[in-house]
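Dear colleague,

I am handing over the structure that I said I would send, and I would be glad if you could read the notes alongside it.

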Amino acid sequence: MGTKKTRSLPARLEAVQRRFEHWRRTRKVLSRVPEPLWAAAVKMAGRCGIAHTAKTLRVNYNVLEKRVERQAAAVQSELAENTAPTFLELAPPTRVGCCQCTLELEDASGAKMRVHLHGAEAPDLTALSRSFWDRGR
């Protein structure tokens, strides 16, 4: 009691199948499959799979697979060209104004150090203060 399930085709694949059948009925003997039909077959292979499309459209699996690979390579190449890095010039930050500050350090023995900073460039204050605190040890 084996029942065979018939699988319905997607509407788009069925439409391409009808186009192939029409071409087969009206073609000249030994004529090649027209490029628009191959393009439709490649598109359907992307949606329905290569094996299913090749079987449904009655085209050679290997030929369809090669065309799908070429299409994918062309798309990849086009993407690479369109997303090529471009030069972007970054302008240095502009100085808003001149800043000033004074840093005063004094330890328990009364030793003092005063640092007056004027402008945007700042010395390594961590190293400078560490040398002040560690000078007697």
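Predicted model: local features only at pLDDT ≥ 70, side-chain atom pairs only at ≥ 80, totals over all residues.

Residues are numbered from 1 along each chain as its sequence is written, and side-chain values use heavy atoms, with hydrogens and water left out.

Overall fold

The protein contains five helices and two strands, where helices (H or I, at least four residues) and strands (E, at least two) are DSSP runs numbered from the N terminus. Along the sequence these elements follow the pattern α-α-α-α-β-β-α. Of the 137 residues in the protein, 21% are buried, a class that means under 20% relative accessible area, with exposed being over 50% and partly exposed in between (1.4 Å probe, protein chains only). Among the contacts in the protein (heavy atoms within 4.5 Å) with a separation of 6 or more, 41% come from residues 24 or more positions apart.

Helix packing

Two packed helices are described by the angle between their axes and the distance between the axes. Here the axes are lines fitted to C-alpha atoms, for helices over the stretch in contact, and angles run from 0 to 180 degrees between N-to-C directions. Angles under 35 degrees count as roughly parallel, over 145 as roughly antiparallel, 65 to 115 as roughly perpendicular and the rest as oblique.

Helices α1 and α2 pack at an angle of about 150°, their axes being 10 Å apart, and they are therefore roughly antiparallel to each other. Their crossing is left-handed, a term used if the near helix is turned anticlockwise from the far one by less than a right angle, with right-handed used if clockwise. On the α1 side the contact is made by R12, L13, V16, R19, F20 and W23, and on the α2 side by P36, L37, A40, A41, M44, R47 and C48. By class, this contact of α1 with α2 has 10 nonpolar, no polar and three charged residues, where Ala, Val, Leu, Ile, Met, Phe, Trp, Tyr, Cys and Pro count as nonpolar, Asp, Glu, Lys and Arg as charged, and the others, Gly among them, as polar.

The axes of α2 and α3 come within 7 Å and cross at roughly 135°, and the two helices are therefore oblique to each other. α2 passes α3 in a right-handed crossing. A41, M44, A45 and C48 of α2 meet I50, H52, T53 and L57 of α3 in this contact, which by class has six nonpolar, two polar and no charged residues.

T53, in helix α3, is buried, with a relative accessible area of 0%. Not counting residues up to four places away in sequence, T53 touches L13, A41, M44, A45, C48 and L64.

Salt bridges

Side chains of opposite charge can pair when their charged atoms come close. With a salt bridge taken as a side-chain nitrogen of Lys or Arg within 4 Å of a carboxyl oxygen of Asp or Glu, the count comes to five.

One of them joins E14 and R18, whose closest N and O atoms are 3.8 Å apart; both residues lie in helix α1 (residues 11-26), four residues apart, about one turn of the helix. E14 is partly exposed at 34% relative accessible area, whereas R18 counts as exposed at 51%. R24 and E21 also meet in a salt bridge (3.4 Å, N to O), and these two lie in helix α1 as well, three residues apart. E21 is partly exposed, with a relative accessible area of 23%.

E35 forms a salt bridge with R67, with 3.0 Å between the closest N and O atoms. This pair links distant parts of the chain, with E35 in helix α2 (residues 35-48) and R67 in helix α4 (residues 61-82), 32 residues apart. E35 counts as partly exposed at 49% relative accessibility, while R67 counts as buried at 19%. Salt bridges that share partners also join E21, R24 and R58 into one network.

Positive phi values

R58 lies in the loop between α3 (50-57) and α4, and its phi is near 60°, a positive value in a residue other than glycine. L30, in the loop between α1 and α2, likewise has a positive phi near 60°, and at 81% relative accessibility L30 counts as exposed.
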